[in-house]
Amino acid sequence: MSDPMRIRASVVGDKVEVKVLMAHPMESGLRKNADGSIIPAHFIDRVVASCKGKTVLAADWGPAVSKNPYLSFRFSGAAKGDMVSVTWTDNKGDTRTDEAAIA
Amino acid sequence: MTPIHVSRRKFLSAASKFGAALAVLPLLRPFAAFAATERNTAAFSAKSMSDVIKAYGGADAKESTEITITAPEIAENGAVVPVTVESKIAGTRTISVLVEKNPAALSARFEIPEGTDAYAATRVKVGETSNLIAVVQTADGTFYAQKPVKVTLGGCGG
C-alpha cells in the first residue's frame with residue numbers, strides 16, 4: 001500500500017480549487033540500474049476525482065508525469081464542507097483513494 | 001395432471017430461460033467494463049502530436065491563441081517541469097499535455113466534464129530541450145498551442 005495523497009480543496013470565488021500531491025515513483029521503464037538492468041515501468045495511468053458522486057476530473061497518464069505527481073484543477077457546483085475524493089490506479093493494478101473536505 | 005404441475009413446468013421452462021440469460025450476462029459485462037476503462041495505448045506510444053491526435057480519432061489540429069501554456073522557459077531540472085494548461089475555447093472536452101521530443105510524446109490527457117474548468121496543472125518530465133504542446137479537443141475540432149522549454153538537466157536520468 002502506498003503512502004496517502006495530500007489533497008487540498010478550497011473555495012476560490014464561486015469555484016473549488018483542488019490540489020493533489022500523490023506519492024508514487026512514476027518509473028518510466030526507460031531507466032537503468034547501476035548494473036545495467038532496466039528498472040521496470042511503474043507509474044500511475046489513471047486518475048479520477050469526484051465530488052458528491054459526480055466525476056469532476058478524469059485523466060489518463062503516461063510515465064512522463066513527474067515522480068510524486070502534482071495535480072491541480074478547478075470545478076464548480078460544490079460548497080465548503082463537501083468531500084472531494086481522488087483515486088489513482090497504476091500500471092501494476094495498485095490503487096489508492098483518499099478524500100478531503102472542501103475548506 | 002393437476003394444475004400445480006402445469007405451473008411447475010412453466011416455471012421450470014421460464015427459469016431455464018432466465019438462467020440462460022444470467023449465464024450470458026457475465027460474458028458480456030467484462031467487455032463493457034473493459035471498453036469503459038480501456039487505455040489508448042496507441043496514443044501513449046505515439047511519437048508525434050499528429051499520431052496522438054489520430055489515436056484519439058481527431059483530424060487536423062488548428063493552432064489556437066485561446067490555449068495558454070504556463071511553463072518555465074528554462075527548466076533546470078527536466079524531471080520536474082511544472083505545466084499549467086488553460087483553454088478558453090468553449091466546449092473543451094479534453095486537454096492533453098505533450099512533450100515533443102520525449103520517447104512517447106503524450107504525457108497526460110485530462111477529461112473535462114461539464115462544470116469543471118478547462119484548466120489543469122501538473123508536473124512532467126522533459127527529456128531534452130523541446131516544445132511543450134497542449135492539445136484541446138472540443139465538439140468543433142482539435143486545437144493546439146505550443147511553448148518551447150529549455151532543459152539544462154535531462155528528465156530521464158532521474
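**Chain A against chain B in a predicted model**

User: In E6(B), which residue is the bridge partner of Asp60(A)?

Analyst: This is a predicted model, and in it E4(A) and strand E6 (residues 106-111) of chain B run antiparallel, joined by four bridges. Within E6(B), the residue that partners Asp60(A) in such a bridge is Arg109(B).

User: Which three residues supply more than any other three of the area that chain A buries against chain B?

Analyst: The area buried between the two chains is about 2400 Å², with carbon and sulfur atoms giving 44% of that area. Of the part that chain A buries against chain B, 26% is supplied by three residues, namely Asp60(A), Ala64(A) and Arg74(A).

User: Which residue of chain A meets the side chain of Asp117(B) in a salt bridge?

Analyst: Across the interface of chain A and chain B, the rule finds four salt bridges. In one of these, at 3.4 Å from N to O, the side chain of Asp117(B) meets that of Lys15(A).

User: Which element gives the largest share of the side of chain A that touches chain B?

Analyst: In total, 32 residues of chain A are in contact with 30 residues of chain B, and the count of residue pairs in polar contact between the chains is 21, both residues being at pLDDT 80 or more. The elements of chain A that give two or more residues to this side are strand E2 (15-21), strand E3 (44-51), strand E4 (54-61) and strand E5 (70-75). The largest share, eight residues, comes from E4(A).

User: How many residues of that side of chain A are charged?

Analyst: The residues of chain A on the side that touches chain B divide into 16 nonpolar and seven polar ones, and the charged residues number nine.

Conventions
Residues numbered from 1 in each chain as written. Chains lettered and ligands numbered in written order. Predicted model: local features only at pLDDT ≥ 70, side-chain atom pairs only at ≥ 80, totals over all residues. Heavy atoms only, no water. Contact = heavy atoms within 4.5 Å. Buried area = accessible area lost by both parts, 1.4 Å probe. Polar contact = N/O pair within 3.5 Å; in protein donor to acceptor, adjacent residues only side chain to side chain. Nonpolar A, V, L, I, M, F, W, Y, C, P; charged D, E, K, R; others polar. Pairing = 2+ DSSP bridges.
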